[in-house]
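Dear colleague,

I am handing over the structure below, and after it you will find notes on what turned up in it. Please read them alongside the model.

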Amino acid sequence: MMAVSDRRFLGQFAWVSGGRIFAAGLQAISLILIARLVAPAEFGMLSSIIGLATVLQTTMDFGVSTYITRERAANPNSGGIATALRFNGITSLAMAAFVLVGLCGMGVLVSPTYYLMLPLALWISGERNADARLAVVFADGDAWINVVNLVSRRVVAIVIFVVLVLAGVDPILSYGIGVSIAAAASSIFANTYVSRRVSAESDITYRKLIADSHHYWANSVATQLRNLDVVIVAIFAGSVASGFYASASRLTSPLRILPTSLASVLIPAATRAVASRRSLWPLLKPAGVMLLAVTVIYMLLGMATPWLVPLALGDAYIPAIPVVQVVLVGLPFAASVSISNALLQAIGAKQFVAIAAGISTILCLIAVAFASIFYGALGAGWALTATFAFQAFVVIAKLAPYVRWRQQGGEAS
């Protein structure tokens, strides 16, 4: 019989995975709309800034969001939570100022199009601020609040974007205004709601906070640095090539939600199996079925790409068709990495997972740079797929001996 705690965990997972899938779908719709309304070069510029924003949010978070989640779950009355929330407020404001200056500089030195993206400074700051505060709510077991906030943010952004475009406002400016207003509203709600839940006063310094959270930060940064791939293609192959590459790498990202959601469930389940010295094979069977299913889905989408890309993005993106197909070939490897990493973390190989992620990211960015110079967007797509395959081989090779040994009744050393 399933324990109450297990049912609660699965309920949390259902909310989080379902909400992320829906929110990712809304995000994909907004990107499709903006791609259809602007030239590929402009879409490449916007995609580059969005990629940089993701990396910047992770970098300037300093691991604080994960720290809040872990600290709240372990000790709800910890004074470190208040310190972390205050630190996040300061870094969020600094992030907004940094992005404003950066976009103004790009507007002067590169293209006036970047002036239209100035509202994105509020979006980047507001989303990071809201997510950090709602980590408290997530740790308390109320994931539905996080999900409703996230989905509402996406819906509001799309509605404002569409209304402004219909009113004749430039599409890129409309997009920036939509996401910034939605992020600001999300941040206001999060600050108001969480302030009633955190009562303990701050009792640690910022230096101590960073010392406690830096290892979370290092792992997150290593993973998020892959988002620089579109920026690198733009630098070495031009904005048009980056627009084609972005249509493949960014618009296929929602397809990775299902395996990453499965990975989030595998971590605690596999941890319990390891602790009780049970075999991991009962967990590997559904994971294998899931991997096979998503592989079939990716291949079917690859065959339908010549029809789907013009339908979704317009004829201007026909050159992106082979790029999308190549990236879809790499997604089963990415799914394998997500599942294998979850199991490796459960058996205690956390450092190996972080090192493998870091090396793979470095190789990915280098390969994308060189491939895009000689072969443009298609070369960058093959580089991305190759590094996914490399990382999958490395983590599976690490995991396989342990799983095989445990199946034969061995005990962990």
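Phe189 counts as partly exposed, because its relative accessibility is 36% (partly exposed lies between buried, under 20% relative accessible area, and exposed, over 50%, with a 1.4 Å probe and protein chains only). Tyr193, by contrast, is buried at 19%. This is a predicted model, in which local features need pLDDT of at least 70 and side-chain atom pairs count only at pLDDT 80 or more, while totals for chains, interfaces and linings use all residues. Residues are numbered from 1 along each chain as its sequence is written, and side-chain values use heavy atoms, with hydrogens and water left out.

The whole structure holds six aromatic pairs (rings of Phe, Tyr and Trp, the last by its six-membered ring, with centres within 6.5 Å; planes under 30 degrees apart are stacked, over 60 edge-to-face, and the rest tilted). Among them, Phe189 and Tyr193 are stacked, at 5.6 Å centre to centre and 25° between the planes. Both residues belong to helix α7 (residues 171-195), and because they are four residues apart there, about one helical turn separates them (helices are DSSP runs of H or I, at least four residues, numbered from the N terminus).

The rings of Phe244 and Tyr317 have centres 6.0 Å apart and planes at 85°, so this pair is edge-to-face. Since Phe244 lies in helix α10 (residues 239-249) and Tyr317 in the loop between α12 (281-313) and α13 (321-346), the pair ties together parts 73 residues apart in sequence.

Definitions and conventions:
Helix = DSSP H or I, 4+ residues; strand = E, 2+ residues; numbered from the N terminus.
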